[in-house]
Each structure stands twice: as structure tokens, then as C-alpha cells.
Amino acid sequence: MNIVVIGLSHKTAPVEVREKVSIPEAQIETAMQELCSYPHIEEVGILSTCNRMEIYIVAKETDHGIREVSQFLSDLGQLPLHQLRPHLFILLHHDAVMHLMRVAAGLDSLVLGEGQILAQVKNTHKLGQQYKGIGRLLNRLFKDAITAGKRVRTETNIGTGAVSISSAAVELAQMKVENLANYRIAILGAGKMSRLLVQHLLSKGAVNISIVNRSTRRSEELASQFPNAELKLHLLPDMMTVIAASDIVFTSTAATEPLLERAKLEAILEPHQSLMLFDISVPRNVAADVNELENVHAFNVDDLKAVVAQNQESRRQMAMEAEALLEEEVEAFDTWWRSLETVHTISSLRDKVESIREQELEKALSRLGSEFAEKHQEVIEALTRGIVNKILHDPMVQLRAQQDIETRRRAMQTLQMLFNLDTGEQFG
């Protein structure tokens, strides 16, 4: 079996493509069931965030598995394959393993070292187990990646003061208006990203903040974490009224369709009223057509790259330290994976040789006579075991140590043919 990742990220695809293929958590189970039903896919893990959509698979046959996932993404996003393919990246074997390790460590994030991605990798692992998509190989891979992510954050300083998507959005807003204390600010949504928005807005001096959310409970939970801030709480039906009374709006909801579009804003804004929108959601909460309004300026997650670039340089040295740690984690996973692939062949070879040893020992002892056999059986048994172990030792070591997948596979096939082994189902 081969581990493969097929996907797209902020590095390969703009937000308008990423939002088409994002999968809300409520639809992960259905997506996993569909992918697992394909003939060449054994295991599936789906990592869908605002900056990436990645599908990890264990494939019976690599090329066919890649085609099945690519077609799935094409159907999901209603994008012809020839349009989607330039945005996809495909990584195999060792590269796929290293990629997930880097993702979990925050080294592949738009914001280098950001912490939220580790929680998202953990959630992918949990959902994969819950919905029976993740099996033996991906279970070990995700566990090791989570361990690697924690280790990088513990043993390097890459997470110290790391900006998040939310803080980058607030930084961008501050670059546009300078003093946030003078502006009326609204936040759509009351989840974790919104909590971070409030935290960073308050630290930058914002005082007039309204929260708009579907449920009162989530809003009150968020407000309770900032007892000294006078946050104004509103329900979704009041959204357009709150926006009409705001200068800056941040959107961070799980809505799958845009909440704000040109027609809605046109209906509530005064002729010369200006409005800034910072949309950190994928799929986007703000439709692209709002930028057609003269005094409305909308920014999405892809617009945060300039802000993030300022933060990146100081973190590059830490990233190099982190890469060295990840190499160790990848090596440990590869060692386990190689041993798993060779275990059937090694086990079958041992069984066959042991069976021959026992048969020949029994013949020899019967010829030596019962008196001699009883007296010396332990010595003769130890002798034959020692010979078998010494003969098998070098082939076993060489087979386990072989790094290249195809070379290892050929070596196993040669052993199976030369010794006429029946190995049953193979991992390799």
C-alpha cells in the first residue's frame, strides 16, 4: 500500500478555487464513505481548512488512487479536471509523510508557526477514526504528525508570538485606518477565530465592537472571556442594521454561501458611506461583487499575505530548527512503515525454515535412538535453532533496512519466489 496526499492550499490555489472544494465538518462522513467506496482506496483522511483542502489516502495502486481522488475533487467543486489540475499538488510516500508533519508543525501555513492548524490535524484524525476512514497506516501517520507538531512547538520558539489569521486581519485593518479606537467595528460569527479577533482588536485599542451571531449562547460565551470590554451582542436577523451602523466589518462564520453581497449592501448604505470588510472565512462570507461599490473595500484571506510576510523573516531560522526535528520524526515513521511492509514476507520465511528445521530434527533424533535423543535433545535443538537464526539474520536485516520502496518490493518478491512462500495479503 502507498500513502499519497492530493490537495490544494494557499500556495497553489486562490480562495475562489479553495472555497469550491472545501468540505464542512457536517459533510466529512459522506465524503469519506464515498472515497472509501472507490476500488483503489483503502484509507482516507480529509483535512479541510480556510487555507487548504488535502486528502490523504492509502492506495492499493497509486496512479488509480490519484485519479479517483482528483475526479472526486473535480465533482465536488464542479470544476472540470483540466481547470482544477493546475492547482493540485500530489505527494507520494516519504514526501506525503513529511508534508503532513510540516503541516502539523505550522511550517506549511500562511502564518508560519500558527497554532490553530495542529488542532485541525487532531480533528481530522478524530473524524477519520470516528467515520472509519482512517485505518492502520493513516492512524499511525496522524498520531506521529501530531506528536511532531507538539514537539516543534515545545523544542523551538516558532510558536512564540506567532500571528494568526485573525491577528493578521486586525494588523491589515490597522494599516488601513491607523487608529481603531475611532471606528465602529462589527464581527460576524462567535467562534474561535472571532474570539481571536476580539482579543487582537482590544489590544490595538478598539473600543466599539459588536458581535453578530446565530445563537445568543455562543456570543455570551465569547463576551464572558472579555469581562472588561463592553461588547454589544446581536442576533443574525439584525445583521444588516448592525453593518449599516459600522465602519469596519470582520466576517468569520461557517456559512457555505456569501452572507454579504452588493445588492444587500447597496440597500442599507448611504450614498457616500464608506465600509471596510475583512473576510477570513473559506468559503467566503463576502461576495466578490461588493468591490463594485465605490466606497466599499473588501479583503479576503489571500490579501493577508503582505502582512504575514513582515512576520516571516524573523521566523525562518526557527523553521530550519523545526525541519531538523521533523526529519527525525519522518525517519521513525519510515522505519515502522518498512517493518510493517516486510513483516509478512519475513514471517512466512521464518515459518517455512522453522518447519523444515523441526522435520529434519525429528528425523535425526529418531535415528539416534531414544536414549541418546533424550540426553542430547536440548543441545541439538539449540544447535539447529542457532544455524537457522544465523542464516536468516543477514537477509532480514537487509530487507528491513532497504530504503527504496521499489527495491524493497523486488527483494520481497524474489524471496517469495525463491523459497516458494505463501505470504497472503501484503502491505507492500
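**Notes on a predicted model**

1. Start with His-40. This residue sits in the loop between helix H2 (28–36) and strand E2 (41–48). The model is predicted. His-40 has 22% relative accessibility, so it counts as partly exposed; buried would require under 20%.

2. What does His-40 touch, leaving aside residues up to four places away in sequence? The list is Val-58, Ala-59, Lys-60, Glu-61, His-64, Gly-65 and Glu-68.

3. Next, a helix pair. Two packed helices are described by the angle between their axes and the distance between the axes. Helix H5 (residues 93–105) packs with helix H6 (residues 116–130) at an angle of about 130°, and their axes are 7 Å apart. H5 and H6 are therefore oblique to each other. On the H5 side, Leu-100, Val-103 and Ala-104 make the contact.

4. Is Leu-112 buried or exposed? Its relative accessible area is 7%, so Leu-112 is buried. From Leu-112 to His-376 the separation is 264 residues in sequence and 69 Å in space, C-alpha to C-alpha.

5. Last, helix H15 (residues 370–401), which holds Ile-391. Ile-391 counts as exposed because its relative accessibility is 60%, and the cut-off for exposed is over 50%. Together with Leu-383 and Ile-387, Ile-391 forms a nonpolar patch on the surface. The accessible area of these residues together is about 310 Å².

Terms used:
Residues numbered from 1 in each chain as written. Predicted model: local features only at pLDDT ≥ 70, side-chain atom pairs only at ≥ 80, totals over all residues. Heavy atoms only, no water. Patch = residues over 30% accessible without salt bridge, like charges linked within 9 Å, V, L, I, M, F, W, Y side chains within 5 Å. Areas by Shrake-Rupley, 256 points an atom, 1.4 Å probe, with all protein chains shown as cover. Salt bridge = Lys/Arg side-chain N within 4 Å of Asp/Glu carboxyl O. Helix = DSSP H or I, 4+ residues; strand = E, 2+ residues; numbered from the N terminus. Buried < 20%, exposed > 50% of the residue type's maximum accessible area, 1.4 Å probe, protein only. Axes fitted to C-alpha atoms, helices over the stretch in contact; angles between N-to-C directions. Parallel < 35°, antiparallel > 145°, perpendicular 65-115°, else oblique. Contact = heavy atoms within 4.5 Å.
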